[in-house]
Amino acid sequence: MPTHHQENISAQSTVLLEKAGGLAVLTLNRPEKLNALSTTMRAEFGAHLQDIAAAPDIHVVLLQGLGRAFCVGADTGDLPTTPLAWRDRILTAQQHHMALIRMNKIVIASVQGAAAGGGAALALAADLLVMADDATLRFPFVRLGLIPDGGCSYLLQSKLGVPAALDLMLTGGAMDAEEARLRGLTRRVVPRENLAEASRTLAAELLALPHGALMLTKSVSRQSWSQPMDSAMAHEADAFALATAMPGHQRALAAAQARK
């Protein structure tokens, strides 16, 4: 969780970046929108990722969201209007998540409240997941007439296992922090009020370890599950674009707009 100081340092940027002592902290900064990802926010996030990747003195990255939710996915007020525009949006999300997976930094996601849709995919792209006891990973895609995006399908099946992942995705289901712990998706579930401290403590522990060993361990481990990732991501982007043009999505979108 962000500190009180972080809340005061910037009201302009939708993504904050702080770098100090080998740690980069990326904070999603749209608490009034539950950190829903707008086009502007994605652009800022991508620019910060490039900055972090190019910084040899940064060894650990901490992802967090300001406010009561980590990230609820795409901003429904800033959606593409054509299948090709949707495809471009999905490719951007994929690029960001793959950058986290492939960078030679250890990435921690600190998750409170809802991590839904693309927000869940973002959390899954981290190497280590710290969850508050009120955190929930939500996969509502099929309820919206869509398919999982941002590499979510691939990441969830790789990290959780195919049967449980399919159950969540095919039912538009959700997984709370305790279930995530029991299924091995995380070893770290803490009271909400302790999330910031627990996440920072983990980051400090990692920074105290030899970075070369951490980097190589991440690289070796990644080889065991990420080899088919590129082809899976390409298929996902094309399939998502197709889904946006299908009647089921149009009906779900109209129903969602009518509820506003």
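Trainee: Is the crossing of α2 and α3 left-handed or right-handed?

Mentor: Heads-up: this is a predicted model, with local features needing pLDDT of at least 70 and side-chain atom pairs pLDDT 80 or more, while totals for chains, interfaces and linings use all residues. Residues are numbered from 1 along each chain as its sequence is written, and side-chain values use heavy atoms, leaving out hydrogens and water. A near helix turned anticlockwise from the far one by less than a right angle gives a left-handed crossing, clockwise a right-handed one. For α2 and α3 the crossing is left-handed.

Trainee: How is α2 oriented relative to α3?

Mentor: The axes of α2 (residues 39-53) and α3 come within 10 Å and cross at roughly 30° (lines fitted to C-alpha atoms over the stretch in contact, angles 0 to 180 degrees between N-to-C directions). Under 35 degrees counts as roughly parallel, over 145 as roughly antiparallel, 65 to 115 as roughly perpendicular, the rest as oblique. That makes α2, relative to α3, roughly parallel.

Trainee: And how do α3 and α10 lie to each other?

Mentor: Their axes are 8 Å apart, at an angle of about 150°, and α3 passes α10 in a right-handed crossing. α3 and α10 are therefore roughly antiparallel.

Trainee: How many charged residues are in the contact of α3 with α10?

Mentor: Contact means heavy atoms within 4.5 Å; among the residues making this one are Trp 86 and Arg 87 of α3 and Asp 230 and Phe 240 of α10. Ala, Val, Leu, Ile, Met, Phe, Trp, Tyr, Cys and Pro count as nonpolar, Asp, Glu, Lys and Arg as charged, the others, Gly among them, as polar. The contact has 11 nonpolar and two polar residues, and the charged ones number five.

Trainee: Which element gives the largest share of the lining of the largest pocket?

Mentor: That pocket has a volume of about 1,000 Å³, and α3 (83-102), α10 (229-244) and α11 (247-259) each give two or more residues to its lining. The lining counts 21 nonpolar, 12 polar and eight charged residues. A pocket is an open set of points on a 1 Å grid where a 1.4 Å probe fits, with protein on both sides within 12 Å along at least five of seven lines, and lining residues have an atom within 4 Å of a point; points join across faces, edges and corners, and volume is the space filled by probe spheres set on them. The largest share, seven residues, comes from α11.

Trainee: How many polar residues are in the contact of α5 with α6?

Mentor: Helices are DSSP runs (H or I, at least four residues), numbered from the N terminus; α5 (residues 152-160) and α6 (residues 162-171) pack at about 140° with axes 7 Å apart. Their contact includes Leu 156 of α5 and Leu 168 of α6. Seven residues are nonpolar, none is charged, and the polar ones number two.
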